[in-house]
Each structure stands twice: as structure tokens, then as C-alpha cells.
Amino acid sequence: MTTNMFEGKKVRLRGVRADDWVHFLRWESDSEADRHGWQVWPPQGEEAHREFARQESLKKPESGNFRLIIETLEGEPAGTLNTRVDPRRFSFEYGIALGRDSWGHGYGEEAVTLVCRYMFGELRMHKVHAWVYAFNKRSASMHRNLGMTLEGTLRDGQFTDGRFWDVHIFGMTDAEFFAKHGEHWGDLDQPAGR
């Protein structure tokens with residue numbers, strides 16, 4: 001068993017490094033994958049990617065808001081995951097984007113599980129939300145497999161590829177997460193009765 005709570009059986013989550021700019025540049029070159037992750041952006045040059053990665057590598061996690069690189073256990077970057085906390089509601093949402101060559105391997109599902117365990121178990125978050133475009137069937141399936149519930153749909157909530165698309169909102173509470181994925185991580189002694 002690993003002693004790193006940000007490492008699973010397929011991936012580990014790590015901070016952004018300045019030299020990750022090459023991966024951001026590579027991922028940006030696939031507009032269709034970008035569309036599934038968030039939206040299509042105009043191309044940027046090497047220097048813009050260098051600066052973005054440099055700035056991200058210097059950021060400290062602030063109140064549960066951070067960006068991480070998803071990498072295979074062999075050290076190959078597969079994508080990114082970023083979080084945004086709503087401290088008043090003890091909830092958070094995340095964005096995840098994987099390079100096309102990393103689709104279908106379970107990397108995204110494991111990365112989300114790792115970050116949810118951290119947010120629920122260490123930062124005392126109560127609920128997670130995920131926004132999924134209606135055309136992204138693979139992502140909707142992943143969120144259902146994670147144990148999330150489709151809580152609603154924003155009709156015509158996103159414009160891409162020349163039209164408006166519905167956006168599905170998935171959610172899960174900490175209790176639902178722990179019931180599905182186990183309550184504890186690691187070898188900590190558990191209080192009596194648990």
C-alpha cells in the first residue's frame with residue numbers, strides 16, 4: 001500500500017511543474033479533446049504555455065483551490081484536474097481534462113476518487129459537483145460509476161461546435177462517497193465502534 005494519498009493503482013496526482021508546459025501545448029493541439037474538457041481555445045505559443053506552467057507551479061493550494069497534474073504510475077502526464085471550493089456551503093467542484101491517448105484507461109475516475117477523498121476526508125467538504133456536457137457520454141458514465149447522482153440539467157448551458165448544448169450537473173455528498181468508496185484511507189487507528 002502506498003503512503004501517498006494522492007496515488008492510486010493507476011495514477012498519481014502531483015503539482016504542476018514549470019516543465020509541464022510541453023504537455024499543455026500538446027493537449028491544446030487536440031481541439032476535440034479540449035471541447036470535452038471545457039472549451040476550445042485559440043492556439044497559444046510556447047512562451048504563453050511556459051508562463052502558464054511556471055505560474056501554476058508557483059501557486060500554493062489556497063483553501064482547497066488547486067490544479068494538479070494527473071500522471072500514470074510510470075510518470076507519464078495524462079491530464080489535469082483543478083478544484084474550486086465554495087467555503088460557505090462546504091462544497092467544491094472540479095474540472096478534469098485528459099489527453100485523448102489517456103481516455104478509456106480509468107485514469108479520470110481514479111483521479112477524481114483521489115481528490116474527493118482528500119477534499120472530504122481532509123478539508124471537511126460536504127458535497128462535490130461536476131458539470132458535464134450532454135454530448136460527453138464518456139464523462140457522464142464515469143460520474144455515474146463514481147456514485148454521483150444527476151441532480152439537474154442546465155438547458156442550452158454551453159455553446160460549442162456551432163450550437164448550444166445542455167449541461168448536466170452531477171453531485172455527491174461526503175456520506176455517499178464514503179459509503180461507496182470506504183470511509184478511511186491508510187492505516188490510521190479507527191475509533192471504537194467504527
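## Side-chain contacts in a predicted model

Glu47 and Arg50 are 3 residues apart in helix H3 (residues 46-58), so about one helical turn separates them. Their side chains meet in a salt bridge, with an N to O distance of 3.5 Å. Glu47 counts as exposed, because its relative accessibility is 58%. Arg50, with a relative accessible area of 34%, is partly exposed. The model is a predicted one.

**Salt bridges**

The whole structure holds 15 salt bridges according to the search.

| Pair | N to O distance |
|---|---|
| Glu7 and Arg12 | 3.2 Å |
| Glu47 and Arg50 | 3.5 Å |
| Glu56 and Lys59 | 2.7 Å |

What is the relative accessible area of Glu56, and is the residue buried or exposed? Glu56 has a relative accessible area of 12%, which means that Glu56 is buried. Its salt-bridge partner is Lys59, and Lys59 counts as exposed at 55% relative accessibility. The bridge between Arg12 and Glu7 belongs with a network of salt bridges that links Glu7, Arg12, Arg14, Asp20 and Glu71.

Glu28 is located in helix H1 (residues 21-28). Glu28 is buried but takes part in no salt bridge. Which side chain of opposite charge is nearest to Glu28? That side chain is Arg26, at a distance of 12 Å. A salt bridge requires the nitrogen and oxygen to lie within 4 Å. Glu28 does have a polar contact with His49, side chain to side chain, at 3.2 Å. Apart from neighbours within four places in sequence, the residues in contact with Glu28 are Asp34, Pro42, Pro43, Gln44 and His49.

**Aromatic pairs**

In the whole structure, 11 aromatic pairs are found. One of them is formed by Phe120 and Phe178, whose centres are 6.3 Å apart with 65° between the planes, an edge-to-face arrangement. Phe120 belongs to helix H4 (residues 107-121) and Phe178 to helix H6 (residues 174-181), so that the pair links distant parts of the chain, 58 residues apart. Phe120 and Phe178 are both buried.

Why is the pair of Phe135 and Trp165 edge-to-face? The ring centres of Phe135 and Trp165 are 4.8 Å apart and the planes stand at 70°, so the pair counts as edge-to-face. Phe135 lies in the loop between strand S5 (127-133) and helix H5 (137-146), while Trp165 is in strand S7 (residues 163-173); the pair therefore ties together parts 30 residues apart in sequence. Both of these residues, Phe135 and Trp165, are buried. The ring of Trp165 also has the charged end of Arg163 over it, 3.6 Å from the ring centre.

**Thr83 in strand S3**

Thr83 is part of strand S3 (residues 77-86). Its relative accessible area is 6%, so Thr83 is buried. Which backbone oxygen does the side chain of Thr83 reach? The side chain of Thr83 reaches the backbone oxygen of Gly64, at 2.5 Å. Gly64 is also among the contacts of Thr83 beyond four places in sequence, together with Asn65, Phe66, Glu93, Tyr94, Val115 and Met119. The C-alpha atoms of Thr83 and Ala130 are 10 Å apart, and these two residues are separated by 47 residues along the chain.

Note on methods:
Residues are numbered from 1 along each chain as its sequence is written. This is a predicted model: local features need pLDDT of at least 70, side-chain atom pairs count only at pLDDT 80 or more; totals for chains, interfaces and linings use all residues. Side-chain values use heavy atoms; hydrogens and water are left out. Helices (H or I, at least four residues) and strands (E, at least two) are DSSP runs, numbered from the N terminus. Buried means under 20% relative accessible area, exposed over 50%, partly exposed in between (1.4 Å probe, protein chains only). Lys and Arg count as positive and Asp and Glu as negative; His and the chain ends are not counted. A polar contact is a pair of N or O atoms within 3.5 Å; within protein, one must be able to donate a hydrogen and the other to accept it, and residues adjacent in sequence count only if both atoms are side-chain atoms. Contact means heavy atoms within 4.5 Å. Rings of Phe, Tyr and Trp (its six-membered ring) pair if their centres lie within 6.5 Å; planes under 30 degrees apart count as stacked, over 60 as edge-to-face and the rest as tilted. A charge sits over a ring if NZ of Lys or CZ of Arg is within 6 Å of the ring centre and within 35 degrees of the ring normal.
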